[in-house]
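Biologist: I'd like to learn how to read a protein model, one feature at a time. Could you walk me through this one?

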Amino acid sequence: MNNVLLISGHPDLKSSHSNATIISEFLKLYKDASVRRLDEMYPDYRIDVKSEQMALVKADIIIWQFPYYWYYMPALLKKWLDDVFTHGFAHGSKGKSLEGKKLIISFTTGASEEEYQHGEAMNFKVEEFLNPFVQTANLCGLQLLKPVYSNGMMYVNGISTEDDLSKIKAKATDHARRLYELVLKQE
Ligand SMILES: Cc1cc2nc3c(=O)[nH]c(=O)nc-3n(C[C@H](O)[C@H](O)[C@H](O)COP(=O)(O)O)c2cc1C
């Protein structure tokens, strides 16, 4: 069985509808996954680099779970990446610690699938924004698996761009199932 490590990059999971549901539903399906909630562990953004690197070394499959912020990952997860994926650990001639591991990016967007089209509000398809993830994985010898994402997941202060909360939670539950199936396929 693969050692699955889920890094939760949401800056405040208590206020989350989508990411919190995805994580709890995924854990019901894959009970042995380890979850590191960066918002709880590092509210001050001071990352414990050694313990994060040790957790990564033990993992076979790394999942980055996050809400999409400004077409990338939230600042907390970016700080984690900046601090933890160091030269000599994750890349460079002696940085081979992540080689051969699998990486899944699993995220939610506020905008709808229709808005992520050429000429529409977001101007590009979601997958066209993902090259930095592709190259990060390449540089570190990680195998980037097919991304798992859900659009139209915004629900802030009772205002939803798309769906009511029950629909958003149902989409998040389906997202968790897709994530689980992708993880299982790697066995
Ligand atoms: C600072 C910030 C930036 C955001 N940037 C984007 C964005 O670039 N594209 C998008 O589709 N949604 C964007 N959103 C919406 C979030 O992706 C959406 O609220 C989130 O996926 C919902 O997940 P949650 O319920 O777990 O918080 C942004 C939200 C915030 C607060």
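Biologist: Where does Q53 sit, and is Q53 buried or exposed?

Modeller: Q53 is part of helix α3. To call a residue buried, we ask for a relative accessible area under 20%. Q53 has 8%, so it counts as buried. For a sense of distance, Q53 and K146 are 93 residues apart in sequence, and their C-alpha atoms are 24 Å apart in space.

Biologist: Since the model is predicted, how do I read the confidence?

Modeller: Look at pLDDT, the predictor's confidence in each residue, from 0 to 100. This protein averages 96, and 96% of the residues score at least 70.

Biologist: Which elements have the lowest and the highest mean pLDDT?

Modeller: The lowest is strand β8 (residues 159-160), with a mean of 58. The highest is strand β1 (residues 4-8), at 99.

Biologist: Which protein atoms pair up with oxygen atoms of the ligand?

Modeller: For polar contacts, we look for N or O atoms within 3.5 Å of each other. A polar atom in the side chain of S16 is 2.6 Å from a ligand oxygen. The side chain of Y116 has an N or O atom 2.7 Å from an oxygen of the ligand. With H17 it's the backbone that takes part: a polar atom there lies 2.9 Å from a ligand oxygen.

Biologist: And how much of the ligand's accessible area does the protein cover?

Modeller: On its own the ligand has 640 Å² of accessible area, and the protein covers 78% of that.

Biologist: What about a loop residue? Is N151 buried or exposed?

Modeller: N151 is in the loop between β6 (148-150) and β7 (155-156). With a relative accessible area of 12%, N151 is buried. The side chains of N151 and T109 are joined by a polar contact of 2.9 Å. Not counting residues up to four places away in sequence, N151 also touches others, among them A111, S112, Y116 and K171.

Biologist: Let's go back to a helix. What can you tell me about L182?

Modeller: L182 lies in helix α6 (residues 165-184). L182 counts as buried, with 12% relative accessibility. Apart from residues up to four places away in sequence, L182 touches I104, L145, K146 and V148.

Biologist: One last thing: how do I read a phi angle?

Modeller: Most residues other than glycine have a negative phi. Here, Y45 has a positive phi, near 65°, and is not a glycine. W70 is another non-glycine with a positive phi, at about 50°.

Biologist: Where are Y45 and W70?

Modeller: Y45 is in the loop between α2 (38-41) and α3 (49-58). W70 is in the loop between β3 (61-67) and α4 (75-84). Over 50% relative accessible area means exposed. W70 has 79%, so W70 is exposed, while Y45 is partly exposed, at 31%.

How values were computed: Residues are numbered from 1 along each chain as its sequence is written. This is a predicted model: local features need pLDDT of at least 70, side-chain atom pairs count only at pLDDT 80 or more; totals for chains, interfaces and linings use all residues. Side-chain values use heavy atoms; hydrogens and water are left out. Helices (H or I, at least four residues) and strands (E, at least two) are DSSP runs, numbered from the N terminus. A polar contact is a pair of N or O atoms within 3.5 Å; within protein, one must be able to donate a hydrogen and the other to accept it, and residues adjacent in sequence count only if both atoms are side-chain atoms. Accessible areas come from the Shrake-Rupley method with a 1.4 Å probe; for residues, only the protein chains shown count as cover. Buried means under 20% relative accessible area, exposed over 50%, partly exposed in between (1.4 Å probe, protein chains only). Contact means heavy atoms within 4.5 Å.
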